[in-house]
Amino acid sequence: MRTICLYFQIHQPFRLKRYRFFNIGNDHYYYDDYMNESIMRKVADRSYLIANKVLRQIIKEYGCQFKIAFSISGIALDQFELYAPDVLESFQKLAKTGCVEFLAETYSHSLVALKDKEEFKRQVEEQRQKIKLYFDYEPAVFRNTELVYSDSIGADVAEMGFSAVLTEGAKHVLGWKSPNYLYCNAINPRLKVLLRNFRLSDDIAFRFSNQAWSEFPLTAEKFVSWLNKMDKKEETANIFIDYETFGEHQWLESGIFDFLKALPGAVFRNSKFTFGTPSEIVQNLQPISSISVPYPISWADEERDLTAWLGNDLQRDAFNRLFALTDKVNRCTDPRIRKDWKYLQSSDHLYYMSTKFFSDGEIHAYFNPYESPYDAYINYMNILSDFSIRLNAQVPESNADQEIVNLTRIIEDKELLIRKYENELKRFRSSKTKISAVKESKDALKKTSKTAVRKKSLKNKTSRAKKVTGKTAKKSTTV
Amino acid sequence: MRVLMFGWEFPPHISGGLGTACYGLTKGLNQVGGVDILFVVPKAYGDEDQSRLSLIDAGEIEISRRFVDYKGFFRRIHFIEVGSSVIPYTSPEEYEMLMSKNEKGKRYLVNTTFSGKLAFSGGYSHNLFQEITNYAAVASVLGVTYDFDVIHAHDWLTYPAGIAAKLVSGKPLIVHVHATDFDRSGGSVNPGVYEIEKNGMEYADRVIAVSNLTRNIIIEKYGIDPAKVITVHNAVEPLENREMIKREKSINDKIVTFLGRVTLQKGPEYFIEAAHMVLQKMQDVRFVMAGSGDMLKHIIHRVSALRMGDKFHFTGFLKGEDVFQMYSLSDVYVMPSVSEPFGISPLEAMQSNVPVIISRQSGVSEVLEHAIKVDFWDIHAMADAIYGILRYNGLSKVLRRNVKDEVDNLKWENAAAKVKEIYESLI
């Protein structure tokens, strides 16, 4: 039994507004709401909503014979909440069919995996919770931002309890090997590795509407015939693509949605392939060998490495400066700072600073709000400067400052306690005067001869009250 | 192939960008090979007087012809110097200097290349056009005397000469537009100059523009058929490998430089406003305005009104070695030109490894990638870019590494090869 694994990735960053250096320290809002909303609406209407509808129709027709996997970044979910609740709802409808698997990733679509293991874990956990909240689904398979993967990232992922990870079937890693098998991590073999078949994936994602391509036009039948040509022993075809491929990278007019609609039928009619989600593949297949990836790979550009995000000094400088703040942010509880921290981490901000832009133009220019990488860098660094200033105000720089903050906190706590005890004291005092007042009035009314008894009881009361006040006084001195 | 080229100036007598460009282009053509150049320049540096030109009518033109060997590059270039009382100038100082000489010599001054408005000395203005016509008359004589295949005329003063040569010889004419009067005048175009420019472009078989920006002006403002207007971007001469005395920086403050004529066209006031903004946020920075011009007084007033005199320095007009030293001291070079047909100075800064910020309204921005481009009026963006380069090391590092490579790839040979193609298409 051979499977096709369809996986779609959904992400939109919070694009930053034009932020000049004189805004530093004055303006703490960093996002271009108009741009974010209009892009999100545009992509939602042209891509997400239509594609979801097509998938629902397919599932209606074939049931759970047809399966897909999604990974939606936390930031994209945040944007759905803000700008496109209808998209969120349509994903929820898809989730309810039970034919959809959701994968885990980093909340911010960040490159934190390269930098800080703890922060990496935290972000993945946050993303898990978000997926659980919206889709009532516990992801068991992980995919990192832009399919960035290395042996050590894999080991971290395994530690988090995931059974498998998705990455690129990069030529320079595979060599003569085929991406169409299940592999396992070189450090921790319990973690399975699914490799993207970049030829088949890019046939759809990049070449579909390219009229200069020798295979143009691509039909579902032709695609299935290519699947059939795969070596008989090969077990899985992993088609991992951006969800925006449908309707945005490849326009509606190119017939991409018709291709998607026709694909399951053609697969069932003309081949012995079935559809499977990453979790099922992990369950059903045995890893054929381990795969060694000593240096991080990704699915970007021709080189399939990190140069799209960390290829020049602009990017490395911004990246290092950002993550130098990790410890401080972790000591900070201010919700706005935490939120900005997440949004500033999006790998997209680094992507815009790529100088490969000059040669690899088209892909890099996609939804790029900047005219040049230098522009992108200046803007980002200005924002980061403001962010650091805010952070320093919240989390002081030196140890001495920290100590002062701690001491003031202790003093505040003690003052709170003292106030509490003072209130108690007041209460006891007032109750004492009340009691004595009541007694006196009673005595005045009765004017009986039981003076001795009265005096005795009064003595008792006062002595008890004295004891109590003594106790509270002691308490406050021990504090 | 032989080219009759009309220029306005040529080394060693360079007063502006036009001379440099002609030098580079002819040198490039020489390297490409297969082109003989007959270069005609008005000779105005001697003590020529009015009477010489009047001789033209009598058919006795005084033409001096010389062969010059410029370090072996120009073996195939013939120089023809024509006596003329029209002399180009570019810097205000030079203007002053020439003006004082004028009292005796009675020469006409004309602002040729990239400077401000057309300026005439005294009441001779009506005669300037006569001079140009006379130069054209010389050209018509040359047109029959010499044998050539193409005529190439640089900038408007030589267009009538080009036309005259074309009319007598029937050979194709190319006019090379280094600047139009729209660039020089900031909008208030001199109708006489406009007429000459338009005429030249209309007579020409091909019009070469130094940038797409200029090409658009030629098409839109002069109504020239787009099919015959071709853009050939300028290039820059590689720095000679001579030992430069680099001046040691005596202060720790960063230095931001504006270098050029202080005239409307160059946008100095935008530089000042941007500087003011940067100084609000940064103290360890100084601004230098190198150059002079008719707006200098106004600029100095503005600087003092903004109370930043202690951080803002004026060097006056710089020349030769001083220019190079100014670049080597700079951390950022800014060219906020309002309208710049090409703009060679950022390239010179880049040769000294200086990151540049250039206005999008310049031709040079069409060929540069490793430069920060802003609209000249967008002082916020300009200030932000200055701040970014000074403050964020990553940026200055990347720019410094890339600018030199980029500028070294802008070779005159490539420009010359394109020009040669244009020649060939006409023969």
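**A guided reading**

Me: Which residues of helix H14 (residues 335–344) of chain A are buried?

Reply: A residue is called buried if 20 or more other C-beta atoms lie within 10 Å of its own, exposed if there are 12 or fewer, and partly exposed in between, the C-beta atoms being placed from the backbone. In H14 of chain A, the buried residues are A:Ile337, A:Asp340, A:Trp341, A:Lys342, A:Tyr343 and A:Leu344. The model is predicted, and local features need pLDDT of at least 70, side-chain atom pairs count only at pLDDT 80 or more, and totals for chains, interfaces and linings use all residues. Residues are numbered from 1 along each chain as its sequence is written, while chains are lettered from A and ligands numbered from 1 in the order in which they are written.

Me: What covers the buried residues of H14(A)?

Reply: Helices (H or I, at least four residues) and strands (E, at least two) are DSSP runs numbered from the N terminus. The cover of the buried residues of H14(A) includes helix H2 (74–83), H12, helix H13 (326–330), helix H15 (347–351) and H17 of chain A.

Me: Is A:Asp386 buried or exposed?

Reply: A:Asp386 belongs to helix H17 of chain A. A:Asp386 counts as buried because it has 21 C-beta neighbours inside 10 Å.

Me: With which residues is A:Asp386 in contact, leaving aside its neighbours within four places in sequence?

Reply: Two residues are in contact if their C-beta atoms, placed from the backbone, lie within 7 Å. On that basis, and with those neighbours left aside, A:Asp386 is in contact with A:Asn23, A:Ile24, A:Gly25 and A:His28. The C-alpha atoms of A:Asp386 and A:Tyr30 are separated by 9.6 Å, although these residues are 356 residues apart along the chain.

Me: How many helices and strands are there in chain A?

Reply: Chain A has 19 helices and 12 strands, and 42% of its 479 residues count as buried. Of the contacts in chain A with a separation of 6 or more, 78% come from residues 24 or more positions apart. Chain B has 15 helices and 16 strands, with 51% of its 427 residues counted as buried. In chain B, 70% of the contacts between residues at least 6 apart in sequence join residues at least 24 apart.

Me: Into which domains is chain A divided?

Reply: Domain bounds come from an automatic or database domain assignment. For chain A they give domain 1 (2–307), domain 2 (310–394) and domain 3 (415–478). The C-alpha centres of domain 1 and domain 3 of chain A are 74 Å apart.

Me: Which domains does the assignment give for chain B?

Reply: Chain B has domain 1 (2–235 + 411–426) and domain 2 (254–408). Their contact takes 19 residues from domain 1 and 16 residues from domain 2 of chain B. On the side of domain 1, helix H1 (17–32), helix H3 (92–105), helix H6 (181–185) and helix H8 (212–221) of chain B give two or more residues. H8(B) gives the most to that side, with three residues.

Me: At what angle do the axes of helix H1 (residues 33–62) of chain A and helix H9 (residues 256–270) of chain A cross?

Reply: Axes are lines fitted to C-alpha atoms, for helices over the stretch in contact, and angles between N-to-C directions run from 0 to 180 degrees. Angles under 35 degrees count as roughly parallel, over 145 as roughly antiparallel, 65 to 115 as roughly perpendicular and the rest as oblique. The axes of H1(A) and H9(A) come within 10 Å and cross at roughly 20 degrees. H1(A) and H9(A) are therefore roughly parallel to each other. Their contact is made by A:Ile50, A:Val54, A:Ile58 and A:Tyr62 of H1(A) with A:Phe257, A:Leu260, A:Lys261 and A:Pro264 of H9(A).

Me: How many residues of chain A are in contact with chain B?

Reply: There are 14 residues of chain A in contact with 17 residues of chain B. On the chain A side, helix H12 (313–323) and helix H17 (373–394) each supply at least two residues. Residue classes describe such a side: Ala, Val, Leu, Ile, Met, Phe, Trp, Tyr, Cys and Pro count as nonpolar, Asp, Glu, Lys and Arg as charged, and the others, Gly among them, as polar. The side of chain A that touches chain B has nine nonpolar, two polar and three charged residues.

Me: At what angle do H12(A) and helix H14 (residues 393–408) of chain B pack?

Reply: H12(A) and H14(B) pack at about 170 degrees, with their axes 8 Å apart. That makes H12(A) roughly antiparallel to H14(B). A:Asp313, A:Leu314, A:Asp317 and A:Ala318 in H12(A) meet B:Asn393, B:Gly394, B:Leu395, B:Lys397 and B:Val398 in H14(B).
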